[in-house]
Amino acid sequence: MLLVEQVDRLWKDEAEAAVRAGYWVGRVQSIRRFTSENKDARAPYKPLLLLWLIGRLAAGRPAEVSFKESELDLKLLMHRYRLGRSVRVGFPFVYLGTNPELWRVEDSGGNDVSKMPQQTKESPVFLREEAVGALAPEFELALHDPHVRSRVVNALLHMEFPETLHEEILQEVNLGHLIAREQSPRDPRFKSTVLRAYEDRCSFCGYDLRLGGSPVGIDAAHVQMRSKGGPDRIENGLALCVQHHRLFDFGALGLDQDHRILVSEHLNLSDQESAARIKSLVGTQIRRPLRRYRLPAAEHVDWHNKNLFKHPAR
């Protein structure tokens, strides 16, 4: 009887943990967007701020941090995974405060910074002198549970970032040793269809290495992220070697509407050998799929161009 009671208690504990994790996943997924009305647009900065804060907390740092103390670290992190050319670190730091169940920002007098006049709360000078943010107490407590923390972190990653970047981001925010990455479910036919369409060759460089007759290092890449409305269909797919897949997801490579390859000016080409290979891609047409398969559709190429590619192109 004692063993039965222990098993029942274990099942109950696991069920309660799952409910608790689901609640906080729902909270982070409902973060108020600071960007456009387009639900499929990317808004990565608040998730990056939360990932950085969770990494601090997991390392034993306080749940409270001043803007002055966090500004440089956040600027570097957000610049690396930015949209467009500039990042105003104060925006996510302040405007995440509109979700008080997760984060609050106060001045030295205890006033809610997120409710202050726009000119005040967006002033870097004011923020450096006055603003201190803190994870909400209940959220902080929940994040000490490894199961909740893992579910929340994976939810934040899948909200705004391609899966090829997840491991790198986890390392950047000091969570790589704590979080097991979760892959989102996808149509198993997507990979086989894309690789067959492009004959197991990278559509950018033609790489087609095989081991025992099977392709090695070739991925079926999504042009538009699945979490942002991109379907598991050939018109949203490209066969890319591992290197070009990562560069494509990072925004260093892209496509124009004529399916010519774009290379970002921001990509460092200091290594001569690598530079020659990358520069040879500029303006070249991708390798076309077999005749009965479609090229990437215009709407998916446009999404990538607006949400991932780091303009301007070379």
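**Labels and their grounds**

Analyst: Strand 6 and strand 7 pair in the antiparallel sense over five bridges. This is a predicted model, in which local features need pLDDT of at least 70 and side-chain atom pairs count only at pLDDT 80 or more, while totals for chains, interfaces and linings use all residues. Residues are numbered from 1 along each chain as its sequence is written, and side-chain values use heavy atoms, with hydrogens and water left out.

User: What makes strand 6 and strand 7 a pair?

Analyst: Two strands pair if DSSP finds at least two bridges between them, and strand 6 and strand 7 have five bridges. Within this pairing, Ala221 stands opposite Leu238 in strand 7. Strands themselves are DSSP runs (E, at least two residues), as helices are (H or I, at least four), both numbered from the N terminus.

User: Why is strand 6 called mostly covered?

Analyst: Four of the five residues in strand 6 are buried, where buried means under 20% relative accessible area, exposed means over 50%, and partly exposed lies in between (1.4 Å probe, protein chains only).

User: Which strands are the edge strands of the open sheet of three strands, and what makes them so?

Analyst: The open sheet has the order 1-3-2, with antiparallel pairing. Its edge strands are strand 1 (64–66) and strand 2 (103–106), because by the pairing rule each of them pairs on one side only. Four bridges join strand 2 to strand 3 (residues 132–135), and the bridge partner of Val105 in strand 3 is Gly133. Helix 2 (residues 45–58) packs on this sheet, touching strand 1, strand 2 and strand 3 (contact means heavy atoms within 4.5 Å). The direction of helix 2 makes about 120 degrees with that of strand 1; axes are lines fitted to C-alpha atoms, for helices over the stretch in contact, and angles run from 0 to 180 degrees between N-to-C directions.

User: How do you know that Glu71 and Arg128 meet in a salt bridge?

Analyst: A salt bridge is a side-chain nitrogen of Lys or Arg within 4 Å of a carboxyl oxygen of Asp or Glu, and the N to O value for Glu71 and Arg128 is 2.8 Å, so the pair qualifies. The pair links distant parts of the chain, with Glu71 in helix 3 (residues 67–80) and Arg128 in helix 6 (residues 124–130), 57 residues apart. Glu71 counts as buried because its relative accessibility is 18%, whereas Arg128, at 39%, counts as partly exposed. By this rule the count comes to 21 salt bridges.

User: What is said to tie together parts that are 68 residues apart in sequence?

Analyst: The side chains of Lys228 and Glu160 meet in a salt bridge (3.0 Å, N to O). Lys228 lies in the loop between strand 6 (218–222) and strand 7 (237–241), and Glu160 in helix 8 (residues 146–160), so the pair joins parts 68 residues apart. Both Lys228 and Glu160 are buried.

User: Why is Lys310 said to have no salt bridge?

Analyst: Lys310 is buried, and the nearest side chain of opposite charge, Glu168, is 8.5 Å away; Lys and Arg count as positive and Asp and Glu as negative, while His and the chain ends are not counted. That value is set against the 4 Å limit, so no salt bridge is assigned. A polar atom of the Lys310 side chain does lie 2.5 Å from the backbone oxygen of Phe250. Residues touched by Lys310 include Arg80, Gly251 and His266.

Technical notes. A polar contact is a pair of N or O atoms within 3.5 Å; within protein, one must be able to donate a hydrogen and the other to accept it, and residues adjacent in sequence count only if both atoms are side-chain atoms. Lists of a residue's contacts leave out its neighbours within four places in sequence.
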